[in-house]
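Student: Could you walk me through this structure, taking the overall layout before the details?

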Amino acid sequence: MFNIVKLGKAENGGFILSTKVLELLESERLFLKPLSFNELLYIKNNMIKSIETSIELEAISDVVKLAISKKIEKMQTVNEDIHDWYTYWLIIDKNNQNGIGFIGFKGIPDDSGYSEVGYSISSNYRSKGLMTEALSTLMNWASNFPNCKGITATRVLKSNTGSNRVLNNCNFNLVASLSDENKYVLTF
């Protein structure tokens, strides 16, 4: 289960209710914040201090930056109303209010009703169940859209035991296994 909270950011770094409303998803230990187009540009251009929420540098790998570039390209061609399906959601640790990772879809559900998910988390926060919690939260959000029948995770490297474990923990089904990659599907 997740909650949708409307939060602003206080000058001291804490979150407060404010007139500047931002919709976040909330789980037990995390907030998920959909990053705006401009926030993605700031990350891509190494201007993360321009983002209200501090982000661990460890979370911003070259792979994440490449994915952000692709997301920016796609977001330029779609209506802003559906950007939540294209952007990264910043995974925020409630304890220290820092961004610790990213999770998001690669677009709106396809004609079959499925959307592909991708994610990354700082190595400082791995093996703590946080990505499982983030994925579960985003899955619950997506399941509220009638046109979304499920989620896929394709090209998951077999050597990435953490990612395979997260998908198994979230009840994804392994539907294909190639020599070095797995493909998973979750149907709501």
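This is a predicted model: local features need pLDDT of at least 70, side-chain atom pairs count only at pLDDT 80 or more; totals for chains, interfaces and linings use all residues.

Student: OK, how many helices and strands does the chain have?

Tutor: There are four helices and ten strands, where helices (H or I, at least four residues) and strands (E, at least two) are DSSP runs numbered from the N terminus. Along the sequence they follow the order β-β-β-β-α-α-β-β-β-α-β-α-β-β.

Student: And how much of the chain is buried?

Tutor: Of its 188 residues, 48% count as buried; that term means under 20% relative accessible area, with exposed being over 50% and partly exposed in between (1.4 Å probe, protein chains only). As for contacts (heavy atoms within 4.5 Å), residues 24 or more positions apart account for 56% of those in the chain with a separation of 6 or more.

Student: Which residues have the most contacts inside the largest nonpolar core?

Tutor: They are Ile43, Phe102, Ile103, Val117, Leu135, Leu138 and Phe172, in a core of 51 residues. A nonpolar core here is a set of buried Ala, Val, Leu, Ile, Met, Phe, Trp, Tyr and Cys residues joined through side-chain atoms within 4.5 Å. The largest share of this core, eight residues, comes from helix α3 (residues 130-143).

Student: Why is α3 described as largely enclosed?

Tutor: Eleven of its 14 residues are buried, so the rest of the structure largely encloses α3. The buried ones include Leu130, Leu135, Leu138 and Trp141. Leu138, not counting residues up to four places away in sequence, touches Leu25, Leu32, Trp89, Ile103, Gly104, Phe105 and Val117.

Student: Switching topic, what is the volume of the largest pocket, and what lines that pocket?

Tutor: Its volume is about 1300 Å³, and 40 residues line it, of which Gly118, Tyr119, Ser120, Asn160 and Ser163 lie nearest its centre. On a 1 Å grid over the protein atoms alone, a pocket is an open set of points where a 1.4 Å probe fits, with protein on both sides within 12 Å along at least five of seven lines, and lining residues have an atom within 4 Å of a point. Grid points are joined across faces, edges and corners, and the volume is the space filled by probe spheres set on the points.

Student: Which element gives the most to that lining?

Tutor: That is α2, with seven residues. By class, the lining of the largest pocket has 18 nonpolar, twelve polar and ten charged residues.

Student: What else can you say about α2, and what covers its buried residues?

Tutor: Helix α2 has 14 residues and reaches 20 Å from its first C-alpha to its last, close to the 20 Å expected at 1.5 Å a residue, the expected span being 1.5 Å times one less than the number of residues. Its buried residues are Val64, Ala67, Ile68, Ser69, Lys71, Ile72 and Met75, and their cover includes α1 (37-44), β6 and β7.

Student: Which residues does Leu40 contact?

Tutor: Leu40, which is in helix α1, is in contact with Leu35, Ile68, Lys71, Ile72, Met75, Thr87 and Tyr88, leaving aside its neighbours within four places in sequence. At 0% relative accessibility, Leu40 counts as buried.

Student: Where is Ile92, and is Ile92 buried or exposed?

Tutor: Ile92 lies in strand β5 (residues 89-93) and is buried, with a relative accessible area of 0%.

Student: Last one: what is phi at Asn46 and at Asn171?

Tutor: Asn46 has a phi near 60 degrees, and Asn171 has a positive phi of about 65 degrees although it is not a glycine. Most residues other than glycine have a negative phi. Asn46 sits in the loop between α1 and α2 and is exposed, with a relative accessible area of 57%, while Asn171 sits in the loop between α4 and β9 (173-177) and counts as exposed at 58% relative accessibility.

Key. Residues are numbered from 1 along each chain as its sequence is written. Side-chain values use heavy atoms; hydrogens and water are left out. Ala, Val, Leu, Ile, Met, Phe, Trp, Tyr, Cys and Pro count as nonpolar, Asp, Glu, Lys and Arg as charged, and the others, Gly among them, as polar.
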